[in-house]
Amino acid sequence: MLSTPALATSLLSIGELARRTGLSVSAIRFYEARGLVTAIRTGGNQRRFPRADIRRLSFALIAQQLGLTLAEIERELATLPKGRAPTRSDWQAISTRIRGALEARLRMLERTRELLDGCIGCGCLSLDRCVLYNRGDKAARGGAGPRYLLGDRAQDFADPPVPGKARQLARAQPRLVTPRPVAPRR
Ligand code: FES
């Protein structure tokens, strides 16, 4: 419950928070139910949110657009201090931790841009280029999903050597004959 008038005026109603963040009221209720933000209740049992929740929700919004899962976002927001507005260094700690995940996603986006018009190793084998790149769906050996977008390369799935083939090949190779030293004539 709210105790002081000063605290009451620094808080936002759910409608104000929705307007400021661009989220719908139902989305804010969803995030509240997941514990990403915590409302204080007024005497009339209305929700009031600290202004710092604008940043928490904005972070959740951006992080989801960048491809972080809700579980990852929840985990990160749970590291922020309760009962006070997070400081710059609190946010920096989160930013450092998610940098690796963001960079991995950026690399995948770059690969997508490069590969999307050719074979992506998804197993459909419907494009004529797949005959070249993923003959017999070799990429499925890497697991489920579009293997080449996930970082596998066609050469990772090269056929294993056929037993006996290496010996045959070695026999077929022309042998190098080392010339014998010739004795000097007298
Ligand atoms: S695009 Fe689907 S297997 Fe190549």
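**Asp-137 and its surroundings**

Student: Leaving aside its neighbours within four places in sequence, with which residues is Asp-137 in contact?
Tutor: This is a predicted model. Asp-137 belongs to the loop between α7 (128-133) and α8 (165-172). Once neighbours within four places in sequence are set aside, its contacts are Gly-123 and Leu-125.

Student: How far apart in space are Asp-137 and Gly-123, C-alpha to C-alpha?
Tutor: Gly-123 is one of the contacts of Asp-137 beyond four places in sequence. The two residues are separated by 14 residues in sequence, and their C-alpha to C-alpha distance is 5.5 Å.

Student: Is Asp-137 buried or exposed, or does it fall in between?
Tutor: A buried residue has 20 or more other C-beta atoms within 10 Å, and an exposed one has 12 or fewer. Asp-137 has 15 other C-beta atoms within 10 Å, and therefore Asp-137 is partly exposed.

Student: What is the strand order of the open sheet?
Tutor: The secondary structure of the chain comprises eight helices and three strands. The three strands form an open sheet with antiparallel pairing, in the order β1-β3-β2. Its edge strands, each pairing on one side only, are β1 (11-12) and β2 (40-41).

Student: Which residue of β3 is the bridge partner of Ile-40?
Tutor: β2 pairs with β3 (residues 47-50) in the antiparallel sense, over two bridges. The partner of Ile-40 in β3 is Arg-48.

Terms used:
Residues are numbered from 1 along each chain as its sequence is written. This is a predicted model: local features need pLDDT of at least 70, side-chain atom pairs count only at pLDDT 80 or more; totals for chains, interfaces and linings use all residues. Helices (H or I, at least four residues) and strands (E, at least two) are DSSP runs, numbered from the N terminus. Two residues are in contact if their C-beta atoms, placed from the backbone, lie within 7 Å. Two strands pair if DSSP finds at least two bridges between them.
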